[in-house]
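I opened this notebook to record what I looked up in one structure.

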Amino acid sequence: MSKYQTYLIFGAPGSGKGTQGRALGTVPGYYHCACGDVFRALDLRTPLGQKFLEYSSRGELVPDEITVQLWKIRIDQSVESHAFHPDHDFLVLDGIPRNVHQAQMLDDTVRVRRIFHLSCPDRAKLVERLKRRALRDNRFDDANEEVIRHRLETYDQESRPLLAYYGEDRIVHVDAMQSPVDVLGTIVQVLVDDRRNHFGEEGFSAVT
Ligand code: ADP
């Protein structure tokens with residue numbers, strides 16, 4: 001099987017991954033999948049839903065095997081339902097992989113073209129954003145500050161090493177404190193350039 005041509009939206013909780021991913025997913029030729037949304041779509045009364053609740057409400061990652069298995073099922077479904085056309089759509093992932101082990105587990109499925117790192121060294125700003133989101137989107141995992149802080153620690157310890165795993169060559173650092181439209185503009189410019197370079201690559205015909 002050929003690998004999915006993939007862009008990762010990467011950054012700490014609150015850095016705006018979902019906002020950017022959703023915007024890109026509205027563009028023909030780009031299919032967006034957010035791992036957090038895959039989990040949130042679970043019925044919380046099922047054993048899998050309970051596992052998600054157990055980990056996310058503590059600000060921790062759901063175990064890798066469950067996560068990657070669930071993600072694969074979800075992607076297969078989107079291919080079968082013709083929502084995602086791997087032969088001419090780029091995949092835009094946010095929230096997965098979230099640690100090096102998950103990245104290794106995905107290596108046979110996805111070809112990571114670029115990582116958009118939404119960078120925000122100011123933790124206080126992120127906490128502020130997450131608290132606002134808790135009220136707006138009814139996110140139980142953003143509701144208390146202790147859980148938020150733990151999620152930021154989890155990001156630093158488990159997710160940040162992914163940057164070294166993929167290497168500087170593929171990373172585009174974007175200042176996440178800019179307005180959403182400025183962040184989007186930066187990402188789109190890179191995608192436009194990359195799409196031009198990609199044209200004619202064997203086995204993958206980009207949408208014209
Ligand atoms: P955020 O980006 O704000 O952390 P998400 O919506 O991406 O929020 O994820 C919410 C929660 O879902 C995470 O805190 C985690 O518990 C779980 N989760 C999402 N993606 C993954 C993943 N790839 N691996 C493990 N757990 C995940």
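Predicted model: local features only at pLDDT ≥ 70, side-chain atom pairs only at ≥ 80, totals over all residues.

Entry on burial. Of its 208 residues, 45% count as buried.

Entry on fold. I looked up the secondary structure and found nine helices and five strands. From the N terminus on, I read the order of elements as β-α-β-α-α-α-β-α-β-α-α-α-β-α.

Entry on dimensions. I noted that the C-alpha trace spans about 50 × 40 × 30 Å along its principal axes. The radius of gyration is 17 Å, which agrees with the value near 17 Å for a compact globule of 208 residues.

Entry on contacts and surface. I took the contacts between residues at least 6 apart in sequence; 76% of them join residues at least 24 apart. The accessible surface comes to about 10700 Å², and 52% of it belongs to carbon and sulfur atoms.

Entry on charge. I found 27 positive and 31 negative side chains, with the centres of the two sets 4 Å apart. How many salt bridges does a search of the whole structure find? I recorded eleven.

Entry on individual salt bridges. R45 and D43 meet at 2.9 Å, N to O; R45 counts as exposed at 73% relative accessibility, while D43 is partly exposed at 34%. E60 and R58 meet at 3.2 Å, N to O; E60 is partly exposed at 30%, and R58 is partly exposed at 38%. D122 pairs with K125, their closest N and O atoms being 3.7 Å apart. I also noted that R123, D156 and R160 are linked in a network of salt bridges.

Key: Residues numbered from 1 in each chain as written. Heavy atoms only, no water. Helix = DSSP H or I, 4+ residues; strand = E, 2+ residues; numbered from the N terminus. Rg over C-alpha atoms; globule rule 2.2 N^0.38 Å. Buried < 20%, exposed > 50% of the residue type's maximum accessible area, 1.4 Å probe, protein only. Contact = heavy atoms within 4.5 Å. Areas by Shrake-Rupley, 256 points an atom, 1.4 Å probe, with all protein chains shown as cover. Lys, Arg positive; Asp, Glu negative; His and termini not counted. Charge placed at Lys NZ, Arg CZ, Asp CG, Glu CD. Salt bridge = Lys/Arg side-chain N within 4 Å of Asp/Glu carboxyl O.
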